[in-house]
Amino acid sequence: MPWRRKPAHHLRYWTGPVDHNAGFKTVLVFCVGCQHHNGRLKVADLPDWDWYDISAHLKCTACGKVGWVDTRMDWGEVINFAKGVSG
């Protein structure tokens with residue numbers, strides 16, 4: 001696996017291995033380079049690499065920049081935001 005550096009020092013990549021058993025099916029990926037493109041990736045399709053390496057290799061399909069990503073777990077899968085909080 002080739003290693004890539006972060007394209008900018010201010011980007012914060014997750015560290016540690018991908019946990020395929022964490023209960024999430026997808027990951028949200030936002031492009032910081034063009035600031036308007038985003039997408040979802042299936043956790044099952046991700047390699048058994050460290051999050052740092054995965055983030056460094058992701059390429060935006062809109063602007064073509066590699067590694068300019070903000071990766072987040074898709075909490076909408078495990079939390080019903082439409083339900084709200086009652087108390």
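## V69 and strand 3

V69 is found in strand 3, a strand here being a DSSP run of E with at least two residues, while a helix is a run of H or I with at least four, each kind numbered from the N terminus. At 7% relative accessibility V69 counts as buried, where buried means under 20% relative accessible area, exposed means over 50% and partly exposed lies in between, computed with a 1.4 Å probe and the protein chains only. Although V69 and C31 are 38 residues apart in sequence, their C-alpha atoms lie 4.6 Å apart in space.

This is a predicted model, in which local features need pLDDT of at least 70 and side-chain atom pairs count only at pLDDT 80 or more, while totals for chains, interfaces and linings use all residues. Residues are numbered from 1 along each chain as its sequence is written, and side-chain values use heavy atoms, with hydrogens and water left out.

## Overall layout

The secondary structure of the protein comes to one helix and three strands, and from the N terminus on these elements run in the order β-β-α-β. Taken along the principal axes, the C-alpha atoms fill a box of roughly 50 × 30 × 20 Å. Of the 87 residues of the protein, 29% count as buried.

## Salt bridges

A salt bridge is counted where a side-chain nitrogen of Lys or Arg lies within 4 Å of a carboxyl oxygen of Asp or Glu, and by this rule the count comes to two. One of them joins D74 and R40, whose closest N and O atoms are 2.9 Å apart. Because D74 lies in the segment after strand 3 and R40 in strand 2, the pair ties together parts that are 34 residues apart in sequence. D74 is buried, with a relative accessible area of 7%, whereas R40 counts as exposed at 57% relative accessibility.

In the other salt bridge, the side chains of R72 and D70 meet at 2.6 Å, N to O. R72 counts as partly exposed at 43% relative accessibility, and D70 likewise counts as partly exposed, at 26%.

## The largest pocket

Rolling a probe the size of a water molecule over the atoms shows where empty space is left. A pocket, found on a 1 Å grid over the protein atoms alone with a 1.4 Å probe, is an open set of points with protein on both sides within 12 Å along at least five of seven lines, and its lining residues have an atom within 4 Å of a point. About 180 Å³ of space lies in the largest pocket, the volume being the space filled by probe spheres set on grid points that are joined across faces, edges and corners. Of the 13 residues that line the largest pocket, V29, H37, G39, K59 and C60 are the closest to its centre.

Strand 1 (26–31) and strand 2 (38–42) each supply at least two residues of this lining, and the largest share, four residues, comes from strand 2. By class, the lining has seven nonpolar, four polar and two charged residues, where Ala, Val, Leu, Ile, Met, Phe, Trp, Tyr, Cys and Pro count as nonpolar, Asp, Glu, Lys and Arg as charged, and the others, Gly among them, as polar.

## Surface features

W75, V78, I79 and F81 make a nonpolar surface patch of about 430 Å². Such a patch is made of residues with over 30% relative accessible area and no salt bridge, nonpolar side chains (Val, Leu, Ile, Met, Phe, Trp, Tyr) being joined within 5 Å and like charges within 9 Å; accessible areas come from the Shrake-Rupley method with a 1.4 Å probe, and for residues only the protein chains shown count as cover. F81 lies in the segment after strand 3 (69–73) and, at 60% relative accessibility, counts as exposed.

Q35 has its place in the loop between strand 1 and strand 2, and its phi is near 60°, a positive value in a residue other than glycine. Q35 is exposed, with a relative accessible area of 68%.
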